[in-house]
Structures are given as structure tokens and as C-alpha cells.
Amino acid sequence: MLEIYNNRLRDLMGEAAKGEAGEDSCKLELTPAFFSEWTGPAAFAAAPPGLFSARVHNVDDIMTVMATGNALRARASTELNTLSSRSHTVLLVHATTTNLLTGGSTVGRMHLIDLAGSEDAGRSGARRQGGALSEEAQHINSSLEALGKVMRAHARKTPPDQIDYGDSALTQLLQGSLQAQTKMVMLIHVNPSPSLAAEARQTLEFGASVRDIELGEARARSVGLADAAHRGG
């Protein structure tokens, strides 16, 4: 489990395992090798270089990992939210099922992503207070704008090799999930307060644009007997 904070990656579970905390304690390097392994074939890609992984067996184990990572996520108090998320978080789940009759395995990967909400730096007080709050707001908004551009490109059915994922860590990490043979589900959260109507409308418009995206039919990925034996041994 990692977070994208100010366009930098932090391994949240690595911090928990080492008993360390801080912006640079488990910083991941954005190298070509990192992204090539992360965005490789969804069924067979290993964990990205340097990312701490934990073996889980059921939903409770996954919830424990999420709770541990969320406790270390960057948060701050603003004039709009006393527990404002200052980063995006990504939980990477590898799943393997084995057919007990044939010995063959089906493998896959799922990203669970919690996006920080777009922020009006003036209303949240980030612009007035400056410092870390202002920098965080700028990175949150710029990364969401980069994601919006990629989403709109998919909605226009732009050829995959012509979509620009830019220099945003968020869009680069999601590149493998926004290609054919994958499924994507987005849940939109809006605040019903009348004072936040503009933000709610912007969020709903973003969700409406995502609804028009077609990535193609997801396919099961299987490992043959020989491959399964190799992976198990």
C-alpha cells in the first residue's frame, strides 16, 4: 500500500514494518524499472521494486493492511475539513486461484485507489496559510487534472499509444489499469452541504465523463501447469 504525496511515492506498509515515519523514510524512486513492472501485464507483474508486500488470505487480512496504511497517510486540518487527506492512496492486491482438478492457476491484480478530493485553496485556507498546505493543494489539483485529461482521451477513444500520461505519478501508476482487458469502477463522493455545491457539481461532471469510457471486455488470465509449477517452486 502506498500513497502519492506531492507527486512522490511513499510505501505506507514499509513504514509500518520498519517502525519509521516521515516523508522520506520509505520513499520509492520513480524509475523506468518501477513503472515497467507496475504497468506490465496485470496478471503476471510482480510487486514494483522496493514496495513492501504482505501475504493475505481473506478480506479481514486486507482490511487490516488498509487500516495500517491509512493510519500513516498524510492528513492535515484545513478550514473545510479537520481531517483532510493530503495524498492519494493505492492498495495493490494480487490474487491467485488454483483449480484443484487441473492444477492450473488464474491470476490477476486489482488496484483500490482513494483519490484526495480537488481543493479550492482559497476556501480551504491553503493559499492564505501557504507552506505545506498550499503545496499539497497544488499537487492534488494538478494530479486530478492530469487524470481528467487521460479520462477524456479515453472517452474520445483516442488510440492508447497516443494518450499522454504526462509526468504525474498518479496517471503513470494507473496506466496499466486504463488499458484494454481491464475493468474499472469509480465511486463518487459528494458533500450535500449547499456551501459546497460548486465542488459537488464539478465532481459529478467528472464522474459523468468517466461513465462514457469503454476499455473493452476483461479477460481471464490463466497459468499453465508448467508455469504454475514454476511459480509455486
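These are my notebook entries on a predicted model of one protein chain.

**Entry 1. The whole chain**

I began with the secondary structure and found 9 helices and 8 strands in the chain. I then looked up burial: of the 233 residues, 36% are buried. For the surface, I noted that the chain exposes about 13600 Å². Carbon and sulfur atoms supply 53% of that area. I also checked how far apart in sequence the contacting residues are. Among contacts between residues at least 6 apart, 60% join residues at least 24 apart.

**Entry 2. Strands S1, S6 and S7**

I asked which strands pair with S6, residues 88–98. One partner is S1, residues 2–5, which pairs with S6 in the antiparallel sense over 3 bridges. In this pairing I found Leu2 opposite Val90. Another partner is S7, residues 105–114, which is antiparallel to S6 and joined to it by 10 bridges.

S6 and S7 form a hairpin, and I counted 6 residues between them. In the turn, Gly103 has a positive phi of about 85 degrees.

I stayed with the loop between S6 and S7, where Asn99 is placed. I then looked up what its side chain reaches. A polar atom of the Asn99 side chain lies 2.8 Å from the backbone nitrogen of Leu101. The side chain of Asn99 also reaches the backbone nitrogen of Thr102, at 3.1 Å.

**Entry 3. Nonpolar cores**

Next I looked up the largest nonpolar core, which has 18 residues. Leu2, Ile4, Leu9, Met151 and Leu178 touch the most other members. S1, H6 and H7 are the elements that give two or more residues to this core. Another core, of 6 residues, lies apart from it and includes Met1, Leu12, Val65 and Val93. As background, I noted that nonpolar side chains tend to be buried together in soluble globular proteins.

**Entry 4. Helix H3**

I checked the length of helix H3, residues 59–71. Its 13 residues should span 18 Å at 1.5 Å a residue, and the end C-alpha atoms are 18 Å apart, so the two values agree. At the start of H3, I found a side-chain oxygen of Asn58 within 3.2 Å of the backbone nitrogen of Asp60.

**Entry 5. Asn6**

I looked for positive phi in residues other than glycine, and Asn6 is one of them, with a phi of about 50 degrees. Asn6 lies in the loop between S1 and strand S2, residues 8–11. The relative accessible area of Asn6 is 7%, which is under 20%, so Asn6 counts as buried.

**Entry 6. The loop between H6 and H7**

Lys157 also has a positive phi without being a glycine, near 60 degrees. Lys157 lies in the loop between H6 and H7. I noted 57% relative accessibility for Lys157, which is over 50%, so Lys157 counts as exposed.

Thr158 is in the loop between helix H6 (131–155) and helix H7 (169–174). What does Thr158 contact, leaving aside its neighbours within four places in sequence? I found Ala153 and Ile163. With Ala153 there is a polar pair: its backbone oxygen lies 3.0 Å from a polar atom of the Thr158 side chain.

Methods
Residues are numbered from 1 along each chain as its sequence is written. This is a predicted model: local features need pLDDT of at least 70, side-chain atom pairs count only at pLDDT 80 or more; totals for chains, interfaces and linings use all residues. Side-chain values use heavy atoms; hydrogens and water are left out. Helices (H or I, at least four residues) and strands (E, at least two) are DSSP runs, numbered from the N terminus. Buried means under 20% relative accessible area, exposed over 50%, partly exposed in between (1.4 Å probe, protein chains only). Contact means heavy atoms within 4.5 Å. Accessible areas come from the Shrake-Rupley method with a 1.4 Å probe; for residues, only the protein chains shown count as cover. A polar contact is a pair of N or O atoms within 3.5 Å; within protein, one must be able to donate a hydrogen and the other to accept it, and residues adjacent in sequence count only if both atoms are side-chain atoms. Two strands pair if DSSP finds at least two bridges between them. A nonpolar core is a set of buried Ala, Val, Leu, Ile, Met, Phe, Trp, Tyr and Cys residues joined through side-chain atoms within 4.5 Å. The expected span of a helix is 1.5 Å times one less than its number of residues.
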